[in-house]
Amino acid sequence: MIFRGERSGGRAIPWRPSDVYRGVSGSRFPVGRLPDEALLSGLATGDPELAVIFVRRFQHRVIGVAMAVTRDPQLAEDVAQQTFERAWRHAQIYDPRRGSVMTWLTTIAHNLAVDAVRARRTEPMAPEDLEELLGVVTETPERWALADEASAQLRAALARLPREQARALMMAGVYGMTARQVADAERIPVGTAKTRIRAAMAKMRAVVASPKRGDHVQ
Amino acid sequence: MSSDPTCDKLREIGAELALGVLPGRERAEAVAHLDRCADCREHVRQLTLVGDRLIGLLPDGEPPPGFENRVARSLARQAAPATGRGRSRAPGRAHRDPRDRDRAPGRAHQGLRDRARRARLRLAAVATAAVVAVGFAGWAIGTAVEEVTAAPPPAVETEPVLVGDMVPAGGGGAVGEVYAHPGSPAWMFVSVALTGPGTAIPYTGTVTCLLERGDGTTVRVGDFPVRDGHGRWGAGVDADLTRFSGARLTSSDGTVLATARLKQAQVLTPEE
């Protein structure tokens, strides 16, 4: 536990044993429960312990995003590594008002993954990969709903989208495909692809803006 | 949103812009419009949030074995050249220079050098020859990485950490926090939102962070920017943090904006 002295009025913050680490000099650093922002700032100071803990905290998320986009374990690992290197280099310009550290990292990972795929393949995704991923992101098991109601509502809203709109949204939003690429993949006019992307985004925006009214999105 | 035809156009392409899939020329035109249209900026901001949330739905992945070690080593290798250059800068100012902001702060470089020196002493004791071959600074950091990833967590451990709430100079509730870690390297993190009751007009400008001893004397740690009252900053500190009892933020003209009383918290890890 961490006790914040008299000011805390006896309030204690749980502190797991694994959150305490041995450092270079033999002292121990209770950094495992630092807020993400504080950990990022510490990372910018070049502290190797913090680097490991930072990577440990976010690696599953970063790898997941990279793998979803690239569908290539080796490429995903490269992308994930680049993501952490970029975060380390740019830690000082992270702006918490623009989103959480997690969002910032996943955005970096996503951009790098899309760029990596664009550089290596002419086809950004395989149709079967799209269907599988769409199934995963629209899955709403009870454990997820309990853990994060907002995400559960978003998953449900995505599941309620007309299939062609959901596909267009995933192609553009996850695989980084332009409307032209979506049109080619779906064998539809570019204007139709744009309309599907726009319509899907409008519906999802309504859910994000008013999560409790998500069930009423048409 | 106004009836400006450009706004109508942006309505059509806003989703693609927010998802980052708009072709170059259209993107340039859209961004130019956003520069002068607050309504459209907000529209695209909300759509961008949708895109972020969509990425947030992607499932987590299992890292390959040793991934965190490899990444930490990579960061160590990149930190090592900066250590070797031995740049000297005013404390806390290095990372405020935009040309340098993709590098660790100057204080951190000093901290790395200090760590390297300490590690050198240990190296002599164990007579490890590899240091010469791989470059000392990188080795020192890499070794630390190994220790962090390999060391089992202690069953029971205590560690002092200094924490405090930032309160406005005029009084009022907490407007920020200070974390200070007196270990080696010592470092601190400050986060403020000087926008609530007790604060004047939200401050925008450079803020100086001072650490305060019990006798009222202070040591300047560094500067960082605050915009509309909001700012966050972290830096390595070449001082014994346990000798300080408070922290203070001042504006460029010396006006005290906020202060914090540092309390020593104790990390107690219960035996399992």
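Tutor: A contact here means heavy atoms within 4.5 Å. By that cut-off, 52% of the contacts in chain A with a separation of 6 or more join residues 24 or more positions apart. Keep in mind throughout that this is a predicted model.

Start with the layout. Chain A has ten helices and four strands. Its order along the sequence is β-β-β-β-α-α-α-α-α-α-α-α-α-α. The chain has 218 residues, and 55% of them are buried.

Now the close look. Helix 8 (residues 163-173) of chain A has the highest mean pLDDT among the elements of that chain, at 97. Its partner is helix 10 (residues 190-209) of chain A, and the two axes come within 8 Å. They cross at roughly 95°. Angles of 65 to 115 degrees count as roughly perpendicular, so helix 8 of chain A is roughly perpendicular to helix 10 of chain A.

Which residues in helix 8 of chain A meet helix 10 of chain A? They are A:Glu164, A:Gln165, A:Ala168, A:Leu169 and A:Ala172. An α-helix has 3.6 residues a turn, so residues three or four places apart point the same way. From helix 10 of chain A come A:Arg196, A:Ile197, A:Ala199, A:Ala200, A:Met201, A:Lys203 and A:Met204. By class, this contact holds eight nonpolar residues, one polar and three charged.

Next, covered parts elsewhere in chain A. Helix 1 (residues 36-44) of chain A is mostly covered, with seven of its nine residues buried. These are A:Ala38, A:Leu39, A:Leu40, A:Ser41, A:Gly42, A:Leu43 and A:Ala44. After helix 1 of chain A comes A:Gly46, with a positive phi near 85°.

A:Tyr94 sits in the loop between helix 3 (73-90) and helix 4 (101-120) of chain A. Buried means under 20% relative accessible area; A:Tyr94 has 4% relative accessibility, so it counts as buried. Beyond its neighbours within four places in sequence, A:Tyr94 is in contact with A:Glu37, A:Leu40, A:Gly99, A:Ser100, A:Val101, A:Trp104 and B:Arg232. A:Tyr94 and A:Ser41 are 53 residues apart in sequence, with 9.2 Å between their C-alpha atoms.

Chain A averages a pLDDT of 79, and 78% of its residues score at least 70. Strand 2 (residues 12-13) of chain A has the lowest mean pLDDT among that chain's elements, at 31. Residues 1-29 of chain A stay under 50, yet the model gives this stretch 92 contacts beyond four places in sequence. The pLDDT is also below 50 over residues 213-218 of chain A, with eight contacts beyond near neighbours in sequence.

Chain B has a mean pLDDT of 68, and 62% of its residues reach 70 or more.

How values were computed. Residues are numbered from 1 along each chain as its sequence is written. Chains are lettered from A and ligands numbered from 1 in the order in which they are written. This is a predicted model: local features need pLDDT of at least 70, side-chain atom pairs count only at pLDDT 80 or more; totals for chains, interfaces and linings use all residues. Side-chain values use heavy atoms; hydrogens and water are left out. Axes are lines fitted to C-alpha atoms, for helices over the stretch in contact, and angles run from 0 to 180 degrees between N-to-C directions. Helices (H or I, at least four residues) and strands (E, at least two) are DSSP runs, numbered from the N terminus. Angles under 35 degrees count as roughly parallel, over 145 as roughly antiparallel, 65 to 115 as roughly perpendicular and the rest as oblique. Ala, Val, Leu, Ile, Met, Phe, Trp, Tyr, Cys and Pro count as nonpolar, Asp, Glu, Lys and Arg as charged, and the others, Gly among them, as polar. pLDDT is the predictor's confidence in each residue, from 0 to 100. Buried means under 20% relative accessible area, exposed over 50%, partly exposed in between (1.4 Å probe, protein chains only).
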